[in-house]
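Please keep the sequence and the structure at hand while reading.

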Amino acid sequence: MSSVVRSRAMNRQIRLKSRPSGIPTAANFEAADAPIPSPAEGGVLRKTLYLSLDPYMRGRMSDAPSYAAPVNVGDVMCGHTVSEVVESRDPAFHPGDIVAAYDGWQQYASGAGKDLRKLDPSAAPISTAIGVLGMPGFTAYVGLYDIGQPKAGETVVVSAASGAVGSVVGQLAKIRGCRVVGVAGSRDKCRFVVDELGFDACLNYKTDDLATALKEACPSGVDVYFDNVGGAVLAAVMRVLNRGARIPLCGMISEYNATEIPAGPSLRPLLVNRAMIKGFIVSDHYDRFGPFLREMTPLVRGGRIKFREDIVDGLDAAPAALIGLFEGRNFGKMLVRVGNAEAQIKN
């Protein structure tokens, strides 16, 4: 890419303007234009095609202690991306290659080729690399298999069942021969979880009495609860745990925007039922990513694992879409379509 073209084009970015209190608002973000970076020796310049929006981003907007460093005020918001190589100084990559990266909320990024994962567009739609065949799907795989350890005939309950992680958890559990009950937040989401994904039942936490509904949907009790939300759903499931139950604690989205520490459920059922609850961060398990792809890719290609994407267009739409995610407005994996695949910058 010539320096003349580079000087005429700009890199659109969405930056963290301020730290939110409660649910993020549009005022916490700002859009800016910056020069397109030049790749250093061994580096690769890429153009963002898809940006993933995920619940963990709320934690990165806060400076509270966590498992990862926060985004600094004034910096580009973080996020996984699918990108096209525009210019390369790494012989392993060429213009037009499609890669998975962690380039954040911006149109262009440059960095070391060693940090990129080259994608095969013929294997699956490229957007799946940040969805069912990326971090969300991998989170489901590790949490369910390594911590939940489901066995045929057991009952698995999954919260946020129509979401990017929960939808995969339930389908993998069905493949393992389990009875699977989802929890979601609307009639349409519950219908999708049962009719399209093949769950045995799905409860609407907004309209159902969860304590009663769980007993009816799980007459033999619950052996594995894959928790994405915490709060009232976790408290209700704990009342129907079986002895030796396992709880992969993946997320607590019900608390991410809390301005006060919420009252938690009683932990007594964990003691009485000798249950195990274990939190996990998927970035600790990337030694398992190869086996994950080898098992999951054919399942996705063969239609045994189904997925749904909720796509908005344009980088400037990202703040509103992330806010909508915390309000439950998304249906499926939340993505931003940032650009179209092309091997050059057009003015």
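Is the crossing of α3 and α4 right-handed or left-handed? The answer follows under the first heading, and it should be read with the reminder that this is a predicted model.

## Helix α3 against helix α4

The crossing of these two helices, α3 and α4, is right-handed. Helix α3 spans residues 135-148 and helix α4 spans residues 166-175, and the two pack with their axes 8 Å apart at an angle of about 50 degrees. An angle of that kind is neither parallel nor perpendicular under the cut-offs used, which place roughly perpendicular pairs at 65 to 115 degrees and roughly parallel pairs under 35, and α3 and α4 are therefore oblique to each other.

On the side of α3, the contact is made by Gly 137, Ala 140, Tyr 141, Leu 144 and Tyr 145, which meet Val 168, Val 169, Leu 172 and Ala 173 of α4. Sorted by class, the residues of this contact between α3 and α4 comprise eight nonpolar and one polar, with no charged residue.

## Helix α3 against helix α9

Helix α3 also packs against helix α9, residues 289-301, where the two axes come within 10 Å and cross at roughly 100 degrees; α3 is therefore roughly perpendicular to α9. Here α3 contributes Gly 137, Phe 138, Tyr 141 and Tyr 145, while α9 contributes Phe 289, Pro 291, Phe 292, Glu 295 and Met 296. The contact of α3 with α9 divides into seven nonpolar residues, one polar and one charged.

Gly 137, Tyr 141 and Tyr 145 of α3 are listed in the contact with α4, and Gly 137, Tyr 141 and Tyr 145 are listed again in the contact with α9.

## Helix α6 against helix α7

Helix α6 (residues 210-217) and helix α7 (residues 231-238) have their axes 9 Å apart and pack at an angle of about 50 degrees, which makes α6 oblique to α7. The crossing in which α6 passes α7 is right-handed.

The residues that meet are Leu 210, Ala 211 and Leu 214 in α6 and Val 233, Ala 236 and Val 237 in α7. By class, the contact of α6 with α7 holds six nonpolar residues, with no polar and no charged ones.

## The second largest pocket

The volume of the second largest pocket is about 280 Å³. Its lining consists of 15 residues, and those closest to the centre of the pocket are His 80, Ala 100, Ala 101, Arg 117 and Tyr 286. Strand β5 (98-101) and helix α3 each supply at least two residues of this lining, which by class contains ten nonpolar, three polar and two charged residues.

How many cavities of 30 Å³ or more does a search of the whole structure find? The search finds one, and the volume of the largest cavity is about 90 Å³.

The largest cavity has 13 lining residues, with Ala 164, Ser 167, Phe 307, Arg 308 and Lys 333 lying nearest its centre. The lining of the largest cavity divides into four nonpolar, six polar and three charged residues.

Conventions
Residues numbered from 1 in each chain as written. Predicted model: local features only at pLDDT ≥ 70, side-chain atom pairs only at ≥ 80, totals over all residues. Heavy atoms only, no water. Axes fitted to C-alpha atoms, helices over the stretch in contact; angles between N-to-C directions. Helix = DSSP H or I, 4+ residues; strand = E, 2+ residues; numbered from the N terminus. Parallel < 35°, antiparallel > 145°, perpendicular 65-115°, else oblique. Left-handed = near helix turned anticlockwise from the far one by under 90°. Contact = heavy atoms within 4.5 Å. Nonpolar A, V, L, I, M, F, W, Y, C, P; charged D, E, K, R; others polar. 1 Å grid on protein atoms, 1.4 Å probe; cavity = no way out; pocket = protein on both sides within 12 Å on 5 of 7 lines; lining within 4 Å. Points joined across faces, edges and corners; volume = space filled by probe spheres on them.
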